[in-house]
Structures are given as C-alpha cells and as structure tokens.
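Dear colleague,

I am handing over the structure below, and after it you will find my notes on what turned up when I went through it. Please read them with the coordinates open beside you.

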Amino acid sequence: MAEPKNKYDRQLRIWGEQGQAALEKASICLLNCGPTGSETLKNLVLGGVGSITVIDGSKVEQGDLGNNFMVDVSCVGQSKAKCVCTFLQELNDAVKAKFIEEYPKALIDSNPSFFSQFTLVVATQLAEDSMVKLDKICREAKVLLIFARSYGLTGFVRISVKEHAVIESKPDHFLEDLRLNNPWPELERFAESIDLNVSDPVAHKHTPYVVILVKMAEEWAKAHGGALPSTRDEKKEFKELLKAGMVAMDEDNYTEATEASFKVFAPRGISTDLQKIIHDGCSEVESNSSDFWVMVAALKEFIANEGGGEVPLEGSIPDMTSSTELYVNLQKIYQEKAEVDFLAIQQRVKNILKRIGRDPDSISKAMIKSFCKNARKLKVCRYRLLEDEFNNPAVSELQKYLTDEEYGVAMGFYILLRAVDRFAANYNSFPGQFEGEMDEDISRLKTTVVGLLTDLGCNGATVTEDLISEMCRFGASELHAVAAFIGGIASQEVIKLITKQFVPMVGTFIFNGIDQRSQLLAL
C-alpha cells in the first residue's frame, strides 16, 4: 500500500482512504471523447478511478488536433475512442481502460441495459433527445449520471440522479459541537469542580474557556429564569461579565471565552435542515431502504430519546489555553460522551435492521461512527428528471432568471444551448457551422428561440440578439480552454458523487465565457 499512498498523497488528505477506496472501485463510462469528455476523464484517471470505458464512434480528424490534447497527428483517420483511451491509460497504468467504437446515440437507442454495469456515466456533447433517454435509463438502473457540454465560449454541467445522500458534507464553516448552551451531566460536574475564583494566578489563566463559559452560562440562566442571553443588550452584558472575571490583562483563556461566547447564544437542538431530513418520508424505513435512511431513522429515535433533542456528540474539542491536565480531562469527557452516543445509535440501527428483516450487522461500525460524527451536517440532494425539467418547466423560475440582471446571460445561454439542438434537428447542422450561412442562421436561431420560449410558457420573453449572434459565431466548436474548464467542473462533481463527500451541485451549472462568469440555475 505504500506506493499508492505516495501516489495519491495530496488527495488522500482531502477525502481520506475511504474516499480513495470508493474511487478505486468505481467504473466510469464516458460518452463522446472530444475535448470536453477527454478532459473530464483525464482528471479522473489521474485521481485513480478504478476503470474507464470510452464510447465514441468517430475517427480522429485534422481539426481534432487543435483542441484535443489526447490525440496527435499519428491518430488522424484512426478510432478516436481507441486513441484517447490509449493516451489516458499512459497517464495511470493502475486504471483499467477500454474503448468501444460506437456512437453513443446508437448505443442509447439500441442497448439501454449496457449502462447498468457502470458506477457512473459521464455523457458529453449529447443532443437533448439522447439526454432525456439516457437519464431515464440510468435512473432505472440506479447509475449515477453527469451531463457536460462545451459549445464555443459557453457550456454546462448537470447532475442527474434521483437522490444523493451525503454524510461527510465538509462545510467550510460550521460551529463546533461543544454544547456550551446545553451541557450534559458529566460536563456540568467537571465545570462545577473548578473554581473560577482560584487565587493562584497560573491556575486562573489556565482554566479552559469551555469551563468558563459553561459556568458563566449556568450562573446567567439561574438569574434569568433558565434563559440564556438572547437580545443584543443581554449578549453585551454577558461578555462584560466575562471580561470582569479577568484578574490580569494577559489571560488568553478569558479572551478566548469572550470570543467564543456566541456559541453560548446559539439555539439548542437541531437545525431546520436536519429537521427536514429526519421528518422526510424516507425516514420511515422498510426492507429496501438505503443504509443512509436506516441510520436517519435511528437518529430520529435517538434525538427523541437519549439525545434529549440533540444529535450524537462529535467528541472533539479545539485547541485552547489550558493546563495539560484540565485539557486532557476535558477531552476525555467529550470523547466518552461521543462513545456513549455512538453505542446508543448503533444499537438503534441494529434494532431497526432486525425489524425490517435485514442483517443487524449489515451496516459497519465505521459507517455508523462517521454518521454520528457528521450527524449535524447531513445533506440530501434530489434532482428533477431531465424530461420534467424540459417539458414541465418551473415557468416562474425561468421568467425570473430571464429578467434578472444578474442571471440574464446565464439563462440566455441555457435557452440557446437547448435551442441549437432544435435547430440541428430541423436543419441538419448547428447554427454557424458552415461558412456563408451566418445571417440566415442567425434569423433561423432567433425563430427557434422564440418557439422554444413559447413552448416553455415564457411568451413574450426574449434572448438578446447579441447572444444569438454569438451562439451562431461559435459554430458548435469545442474550444480547448472551455472544454478543460467544463471537464474540470464535471470531474469535480464525479468525485463528490463517488466518494459521497462534499455537496454536489443541484441545478444546471452554466459557464459564460464572454464575461468569464459561472452561475448555477435552480430549474
């Protein structure tokens, strides 16, 4: 294992051995290996994904040499899938790579069951009708799916799965779980055993701020009918009490207590986001429920019983000014509480599994531990069926985006990326693809856009003529710089889905290369 750990050292620091193991087990299917698809897969191959299958029926042409860095002059006239697959294999010989010389559209139409063998499908440069068909196929087979497309100076990325649950969401900023506003008995007793008015100046300046805040919050609550500071004036008064407890100017522990006092003011109990999850219909589990929802059901029971309205304690504490003895004892109290909570959740998981007719030990201890540690940060992402988005759009959202100064261009590109497929279906070419037809194509695309907007229920809405002209000027080209950017975004989302870490995008990601902006449309 030494060589792989060195090889993937940087990414192991981000998603850990469990995330890397998930990547190494994953099988990825790429549809179309032009610049966008090749760049997406390159990032995944370098990251150590288990296996790749490249699907493309085209041959390498002279024009491919200028935008696809995974083919060279010797490849001209050969299978594009074979050439790209060979190049990608050279990047990481630990990845199993194979190719199939077939056009994705034909494969989607003729052999839908083919896709069920994969963990995830990356579908690039597909027309709208093929996207809709593939979406249904992958959902039925429970295969993860990501669409990506670059088109001139624009492009999009969209995830399509029925549901994606994330345990390790890893938010950038999250309040530490110290329970300063709701201490359990062992923490209360530990705090009570320490005298804040100790005469020894060394001991006074090495009392952990957690103890200071627990004791001060308890004193405040006793004097205010059990309530903690809530108004601006009360919070200010509480901070002044903390400052008054200092006996010397260099007492960092009291400074830390003052700076962390907002943790006392935080509301008790669970967040509204977590409330939605535990009250989701899926938390009423049955035999075919996922492990995630079984653990959510156990969490719901725990909160109502042992937890007293709280989730399992995470069990870690930050660094703070403290004597070694007090810090170690405090750390032990948090760890022991976390272990007790974990055992309670584990038992409830076992009971639920037994109740629904499954093996009580089918969910690993490591998985339940991770769930307990991250219980406050759980996320559930759900995605509309592509056909629903296209045929039953949220008209109010579309109209809002079209008229919004901030999102107008991104929404314009979203409409145009759909309109060019209609254009191609009607005229057997993309707008601006052939020289000498630019003016006519601009007029045709404008008519196509008006028709699309009418079908979407946005009568009278428009896309600016400048954008329409730009779209024709793009001529369906795949520019390497744009393809590399879109491929980077797509591969990033693939890793989120496979490792089940971090929160994937919900909505359609639009890149606006004209203004160098990226925006997410929730449609």
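Both faces of β9 are covered, with Thr508, Ile510 and Asn512 buried on one side and Phe509 and Phe511 buried on the other; buried here means under 20% relative accessible area, exposed means over 50%, and partly exposed lies in between, with a 1.4 Å probe and protein chains only. Helices (H or I, at least four residues) and strands (E, at least two) are DSSP runs, numbered from the N terminus.

Please keep in mind that this is a predicted model, in which local features need pLDDT of at least 70 and side-chain atom pairs count only at pLDDT 80 or more, while totals for chains, interfaces and linings use all residues. Residues are numbered from 1 along each chain as its sequence is written, and side-chain values use heavy atoms, with hydrogens and water left out.

The sheet

β9 belongs to an open sheet of eight strands, in the order β3-β2-β1-β4-β5-β6-β9-β10, with mixed pairing; two strands count as paired if DSSP finds at least two bridges between them. The edges are formed by β3 (96-100) and β10 (517-521), each of which pairs on one side only. On average, neighbouring strands of this sheet are turned by 15° against each other, direction ignored, where axes are lines fitted to C-alpha atoms, for helices over the stretch in contact, and angles run from 0 to 180 degrees between N-to-C directions.

On one side, β9 pairs with β6 in the antiparallel sense over five bridges, and valine 157 stands opposite phenylalanine 509 of β9. Five bridges also join β9 to β10, again in an antiparallel arrangement, with asparagine 512 having arginine 517 of β10 as its bridge partner. The hairpin of β9 and β10 has four residues between the strands, and glutamine 516 takes a positive phi near 55° in this hairpin. Elsewhere in the sheet, β1 (residues 27-31) and β2 (residues 51-55) run parallel and are joined by five bridges, leucine 31 standing opposite isoleucine 55 in β2.

Two helices deserve a look against this sheet. α6 packs on the sheet and touches β1, β4 (120-124), β5 (144-151) and β6, its direction making about 160° with that of β5; contact means heavy atoms within 4.5 Å. α19, for its part, lies across β5, β6, β9 and β10 and runs at about 100° to β9.

Cavities and pockets

On a 1 Å grid over the protein atoms alone, a cavity is a set of points where a 1.4 Å probe fits but cannot get out, whereas a pocket is an open set with protein on both sides within 12 Å along at least five of seven lines, and lining residues have an atom within 4 Å of a point. Grid points are joined across faces, edges and corners, and a volume is the space filled by probe spheres set on the points.

By this rule there are two cavities of 30 Å³ or more. The largest cavity has a volume of about 140 Å³ and is lined by 14 residues, of which Met131, Phe156, Phe390, Tyr414 and Arg418 lie nearest its centre. α19 gives the most to this lining, with four residues. The second largest cavity, of about 40 Å³, has Tyr414 and Arg418 among its lining residues, which also include Arg384, Glu389 and Leu523.

The largest pocket has a volume of about 1,400 Å³, and of the 39 residues that line it, Glu163, His164, Ala165, Ser290 and Lys500 are the closest to its centre. The most is given to this lining by α2, with five residues. The second largest pocket has a volume of about 1,000 Å³ and a lining of 37 residues, of which Asn32, Gln125, Phe430, Gln433 and Glu478 lie nearest its centre; here α19 gives the most, with five residues.

Backbone points to check

Lysine 500 has a positive phi of about 60° although it is not a glycine, and lies in the loop between α22 (480-499) and β9. Asparagine 428, likewise not a glycine, has a positive phi of about 60° and sits in the loop between α19 and α20 (438-455); at 71% relative accessibility, asparagine 428 counts as exposed.

With best wishes
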